[in-house]
Structure formats: structure tokens, C-alpha cells
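Q: Please walk me through how to read this one, feature by feature.

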Amino acid sequence: MKLLEELRAAGQASNLQAVADAIPYARFLNLRIDSKGDELTTVLPFRDDLIGNTDLPAIHGGVLGSMLELTAVLQLLRASELERLPKTIDLSIDYLRSGLPQDVYGRADITRAGRRAANVRVELWQERRDKPIAAAHGNFLLAPLGAAPSTTS
Amino acid sequence: MAFDPFSFTPPFAQALGFEFIDETDGKLTVRAPWAEHLVGDPDSGVIHGGVITAMLDNACGRAVHLARMQVGRDEEGAIATLDLRIDYMGPAESGKDLYAQAYCYKLTRNVAFVRATAYTDTIEQPVANAVGAFMLGTPSERKA
């Protein structure tokens with residue numbers, strides 16, 4: 001049985017922490033979900049193996065890129081019922097400040113949600129939300145629940 | 001401090017298993033052996049896009065260090081990724097090692113421009129493509 005189908009069957013479809021925990025890479029990163037009302041914040045607890053620059057030290061750009069993508073995908077899952085996890089078509093990342101060796105927070109906004117694709121903007125911050133450390137916008141391929149099965153993979 | 005493009009494997013790159021395997025004509029290749037914790041979709045077992053992003057970033061950084069080394073500018077200090085734009089063309093299939101090849105095609109006084117390709121079987125069938133810009137000679141210590 002498929003991940004999202006399984007969670008729906010268990011009444012856990014809206015439990016995004018359960019979704020994150022079912023994704024091995026998100027579990028490896030230990031991505032936490034803070035869901036209040038209609039707002040979703042991702043939290044990445046700092047640990048030493050997330051470092052990319054040992055001199056500063058600073059968090060690896062790949063960690064921030066990963067968190068941007070995961071935050072966007074979880075926001076899409078929150079917004080609509082999907083058959084499968086959204087697939088990233090493209091992602092454009094701006095690194096704005098070096099990531100301090102401490103927890104990172106993320107929020108995503110869906111700029112446009114179409115039937116087959118969605119455009120999402122994401123920001124990450126640490127000490128202050130108005131001082132983002134990284135931002136991204138990307139396009140994601142959606143598989144809406146109950147849609148005719150796609151013939152391409 | 002000079003940066004060695006071949007051993008540039010910070011903690012997170014080690015955690016994901018990135019290793020330098022080849023350098024030819026300024027094109028530098030990195031490999032990540034297949035591992036379960038890199039999976040992004042448990043239904044298909046494909047590698048997560050974030051892993052590919054991290055690998056493209058690592059390979060691009062190494063290519064910048066290599067390009068600086070080749071023109072005798074390897075003492076200029078740390079670099080920082082300014083931006084990275086990634087197109088995902090297909091899945092990095094379950095069970096296959098992932099490769100990324102990067103090339104720094106322009107080095108200016110302050111900025112390096114890089115492109116990179118991620119693939120599993122052959123580079124002719126890319127999993128993802130990236131273009132990025134790196135800031136050169138960034139401070140190696142935080143300002144107080």
C-alpha cells in the first residue's frame with residue numbers, strides 16, 4: 001500500500017509529522033512539524049553533522065536546500081489531498097546568510113496551485129523571521145486524489 | 001588556508017556519503033553510494049531531491065576550488081553558495097549510486113559561475129541539472 005493511502009486509512013492523512021517520519025531522508029534529518037491552525041512551520045533541530053563549513057561554523061547549503069524542498073512539499077500536502085508525494089520539477093535557491101549552528105525554521109506559501117502543477121515560495125530563518133537565511137521558489141508536479149491515472153511516471 | 005577540491009568533504013557531505021572519484025579537464029565528479037537514509041519517497045525508493053541538491057552544491061564547490069587552484073588563487077579563503085537553480089529531469093532510482101559532475105566555467109574576481117549534472121547510469125541520462133554562483137574569498141570567521 002502507498003504511503004499517503006496508508007496514512008489516510010489510518011486517519012493520519014493530516015498528520016504531517018507522520019508523513020515526514022515516513023520519508024527516510026526527512027527522518028534522517030529529524031525534520032519536525034509544528035502545525036498550528038492553518039500555519040505550518042518546519043523545524044530542523046541543529047546537530048553537528050549538518051555542518052558544511054567547519055571554520056565559521058555554518059550549516060551546509062545542501063541541508064538548507066533539502067529543508068526548503070521538504071517544507072514546500074509538506075505545505076502542498078497540507079493544502080490538498082494528493083495521491084502521491086508531489087515531485088519537484090525545479091527549485092531556485094538563494095542563500096542569503098550563512099546558517100548558524102542552531103535550529104532552522106521554515107515556512108512555505110503556495111503562489112499558485114494548478115491542477116497538475118503548483119508554484120511555491122519558501123523561506124528559512126533562525127533568530128528572526130525577518131532575517132531569512134535562505135529562500136527558494138519552485139514548481140512541483142501534483143497527483144490529485146481521484147484523478148485519472150497518469151500515463152507517464 | 002588553501003582548500004583541496006579533492007578532499008572537500010564537510011560533515012554533512014560525509015553524512016550523506018559523498019566522495020571524490022574523478023577530475024578530467026576541470027570537470028570534477030563526486031559519488032554518493034546508494035543508502036536507505038537518502039530515500040525521499042518510500043513508495044518508489046527514489047533518492048530525495050534534497051540529497052541531489054546537497055550533492056550538486058558539494059560538487060560545484062569543489063569545482064570552484066579546483067578552478068581557483070588551477071590559476072594559483074587557492075589561498076583566497078572560503079567560498080559561499082550565492083544561488084543554485086536545479087531542474088529535476090527524472091528519478092534517481094532505488095539501489096543505484098548517484099553521481100554529480102561539476103564544472104566552473106567562469107571565475108571573476110569575486111564570483112564563480114558553475115554548472116553541474118547529477119546522474120545514475122550515464123551522464124547522457126541526467127537526473128538533474130544545476131547552475132549556480134559562488135561568492136569568493138568570504139571571511140573565514142564571523143564578525144563579532
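Q: Which residue does A:Thr42 stand opposite in β6(A)?
A: Start with the words: strands pair if DSSP finds at least two bridges between them. Helices (H or I, at least four residues) and strands (E, at least two) are DSSP runs, numbered from the N terminus. Here A:Thr42 stands opposite A:Gly106 in β6(A). Strand β2 (residues 39–44) of chain A pairs with β6 (residues 104–113) of chain A in the antiparallel sense, over three bridges. A:Leu44 has A:Val104 as its bridge partner in β6(A).

Q: What should I know about the model and its labels before we go on?
A: The model is predicted, so to speak of local features we need pLDDT of at least 70, and side-chain atom pairs count only at pLDDT 80 or more, while totals for chains, interfaces and linings use all residues. Residues are numbered from 1 along each chain as its sequence is written, and chains are lettered from A and ligands numbered from 1 in the order in which they are written.

Q: How many bridges join β1(A) to β2(A)?
A: Five bridges join them, and the two strands run antiparallel. A:Ser35 faces A:Leu40 of β2(A) across this pair. The two strands form a hairpin with two residues between them, and A:Gly37 there takes a positive phi near 55°.

Q: How do I read a strand's side chains?
A: In a regular strand, side chains alternate between the two faces of the sheet. Keep that in mind as you follow the pairs. β7(A) and β8(A) are joined by eight bridges and run antiparallel, with A:Ala117 partnered by A:Leu141 in β8(A). β5(A) also pairs with β8(A), in the antiparallel sense over eight bridges, and there A:Ser92 stands opposite A:His137.

Q: Which residue of β3(B) does A:Ser92 stand opposite?
A: That residue is B:Arg85. β5(A) and strand β3 (residues 78–88) of chain B run antiparallel and are joined by five bridges.

Q: What is the strand order in the open sheet of twelve strands?
A: Read it as β1(A)-β2(A)-β6(A)-β7(A)-β8(A)-β5(A)-β3(B)-β6(B)-β5(B)-β4(B)-β2(B)-β1(B), with antiparallel pairing. At the edges stand β1 (32–36) of chain A and β1 (19–24) of chain B, each with a single partner strand, so one side of each has no neighbour in the sheet. From one strand to the next, the twist averages 25°.

Q: How do I read a pair of packed helices?
A: Two packed helices are described by the angle between their axes and the distance between the axes. Axes are lines fitted to C-alpha atoms, for helices over the stretch in contact, and angles run from 0 to 180 degrees between N-to-C directions. Take helix α4 (residues 61–79) of chain A and helix α2 (residues 49–70) of chain B: they pack at an angle of about 150°, with their axes 8 Å apart. α4(A) and α2(B) are therefore roughly antiparallel to each other (under 35 degrees counts as roughly parallel, over 145 as roughly antiparallel, 65 to 115 as roughly perpendicular and the rest as oblique).

Q: Which residues of α4(A) and α2(B) meet?
A: Contact means that the C-beta atoms, placed from the backbone, lie within 7 Å. From α4(A), those in the contact include A:Gly61, A:Gly65 and A:Leu70, while α2(B) brings residues including B:Gly49, B:Ala54 and B:Asn58. By class, the residues of this contact are three nonpolar, eight polar and two charged (Ala, Val, Leu, Ile, Met, Phe, Trp, Tyr, Cys and Pro count as nonpolar, Asp, Glu, Lys and Arg as charged, and the others, Gly among them, as polar).

Q: What do these helices lie across?
A: α4(A) lies across strands including β1, β2 and β6 of chain A, together with β3 of chain B, and runs at about 50° to β6(A). α2(B) lies across β5 of chain A together with strands of chain B, β4 (98–107) among them, and runs at about 40° to β4(B).

Q: How many residues does each chain give to the contact?
A: Chain A gives 35 residues and chain B gives 33 residues. On the side of chain A that touches chain B, the largest share, eight residues, comes from β5(A). That side has 16 nonpolar, eleven polar and eight charged residues.

Q: How many helices and strands does each chain have?
A: Chain A has four helices and eight strands, and chain B has two helices and six strands. Along the sequence, chain B goes α-β-β-α-β-β-β-β.

Conventions
Contact = placed C-beta atoms within 7 Å.
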